[in-house]
Amino acid sequence: MGKFMVGLPSNFEGMSGYRQRFIATQGPSKKTDPSSPPFNIVTEVKKEPVIQENIELVSSVYDGQEIESYRPNLKEVFEMDKAPEDNTTSTKRCVGLDIGTGFISCAEEEDSKIKFRKVRDAFFKLNPSKFLEGSANNFGEGMLKNAGAHYVKVDDQLYVLGDDAFKFANLFHQECLRPMHRGVLNSKQPVSNLMVSELVKAVAGKPQADDDVLYYCVPAEPIDAEFDVEYHKQILNGTFKELGYKNINVMTEGLAVVYSELSETQYTGIGMSFGAGMVNIVYAFMGIPVFAFSLSRGGDWIDSHAAQHSEETSNVITAIKEKADFSLADDTAGIQKAICIYYDSLLVYVVEQFKELYAKTPKKQLPNVTMEMPLVIAGGTSLMLGFVERLRELVAEDFPVPISEVKHAENPLFAVSNGLRRAATLSSAE
Ligand SMILES: Nc1ncnc2c1ncn2[C@@H]1O[C@H](COP(=O)(O)OP(=O)(O)OP(=O)(O)O)[C@@H](O)[C@H]1O
Ligand SMILES: [Mg+2]
């Protein structure tokens, strides 16, 4: 039977400079899109995350296996004031959980603020002997503890988890492993479910009461790939049950964006979430999806294609892209040019696919309205400078739905978890 050990830093100040640098690189992008209209909801997102840490020794069972672990409880907390129209309240704890291909994030209301916690949905299989020539195996674990890395030990195999996995992989010019692929659990990685469960514990923890309400999201059915959303949905449902949640609900990702951003139009409009594995799209009327679909291209697709034009691994391209201070309109040369080319190709593809699906949908299924409605964009991939502007250009011509405005979500990385939290609150309102 496998033993699982999870180690975490007890204080940030005491960490090595190496670990401090890891943490210092986290946080929301500093990029802003000058082309975006000013946000019309008065809210404030804290620019720097607050690091909360503590170590908790727990014994648990996962999938019939006993787990002994130092429960990961490293949290990066981002705060946002509640939007004025977000005035529904519930006496229950309402949790929105976005299990994404790139990040796992969680939203809940605490002390009249919306708090978000996120972690990179990744792990890295560490083989200490590979890079610590001749050192004893347990040196690897000691090194991880000293560095304050978040790790799991399964039958003497060390896995570094979350943001640290990404940093370790980049350090050794290797790819990190991902529990999810194109929006769903990666069945090629046998430890995927366990890793997701550990990461969920890190951001959401266990329920605090029996009536906690949890909403999580799944991709809408993909129209350009064959995979099983149902299996993914059931496995995640089981994971939340094992953690102790009882009131578990599911929503498609695009609709969660609409719930987060379009309350002013009574949840009418188009929501698009540009993630790592997928683009999720919904056309919703009064909170009901007219149609919802997903496309199996996203940030990972851009990274892996751009990597083919360089000597670097995909996750080095990811790091370059996330730190980029160039705009899509500024595609000079090299990696920057490759990234811009694939971004543009993705955006053209999404708009074309929307038009095709709209044309194929029987007229009786489409709402009989001529009013203009907003199109809202969310997801980490949309953080690139010039992204909103380019999409605006593409929908300006021949788009089948009349669009009043193309706007960026208040907080693109957290719109999905925020929408799920809001759905949980609305469903359990007094
Ligand atoms: N500042 C940034 N600039 C450009 N891209 C970014 C930035 N920050 C994150 N990304 C990219 O956004 C993607 C992650 O976005 P997001 O968290 O919305 O996806 P996800 O929900 O994890 O994935 P999916 O919805 O496809 O399952 C990754 O490809 C990441 O590299
Ligand atoms: Mg997503």
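What covers the buried residues of α10? Before getting to that, some ground rules: this is a predicted model, where local features need pLDDT of at least 70, side-chain atom pairs count only at pLDDT 80 or more, and totals for chains, interfaces and linings use all residues. Residues are numbered from 1 along each chain as its sequence is written, while chains are lettered from A and ligands numbered from 1 in the order in which they are written.

Confidence comes first. The protein chain has a mean pLDDT (the predictor's confidence in each residue, from 0 to 100) of 81, with 79% of its residues at 70 or more. Two stretches stay under 50: residues 1–30, with 68 contacts beyond four places in sequence, and residues 32–47, with 30 such contacts. A contact here is a pair of residues whose C-beta atoms, placed from the backbone, lie within 7 Å.

On to the fold. Twelve helices and 20 strands make up the count for the protein chain; these are DSSP runs numbered from the N terminus, H or I over at least four residues for helices and E over at least two for strands. Of the 430 residues, 45% are buried, meaning 20 or more other C-beta atoms lie within 10 Å of the residue's own, with C-beta atoms placed from the backbone. Among contacts between residues at least 6 apart in sequence, 73% join residues at least 24 apart.

Back to α10, then. This helix runs over residues 334–360, and its 27 residues reach 39 Å from first C-alpha to last, close to the 39 Å expected at 1.5 Å a residue (1.5 Å times one less than the number of residues). Its buried residues include Ala338, Tyr342, Leu346, Val350 and Phe354. Their cover includes β17 (279–285), β18 (288–295), α8, α9 and α11 (387–395).

Both α8 (299–307) and α9 (314–323) also turn up around ligand 1, each supplying at least two residues of its shell. The top contributor is α9, with three. In total, 26 residues surround the ligand, the closest being Gly100, Gly102, Gly275, Gly299 and Gly380; a residue qualifies if its C-beta atom, placed from the backbone, lies within 6 Å. By class, the shell has six nonpolar, 14 polar and six charged residues.

Finally, Ser417 sits in helix α12 (residues 415–427). Ser417 counts as buried because 33 other C-beta atoms lie within 10 Å. Beyond four places in sequence, its contacts include Gly96, Asp98, Ser105 and Phe116. The C-alpha atoms of Ser417 and Ile99 are 8.9 Å apart, although 318 residues separate the two along the chain.

Key. Nonpolar A, V, L, I, M, F, W, Y, C, P; charged D, E, K, R; others polar. Buried ≥ 20, exposed ≤ 12 C-beta atoms within 10 Å, placed from the backbone.
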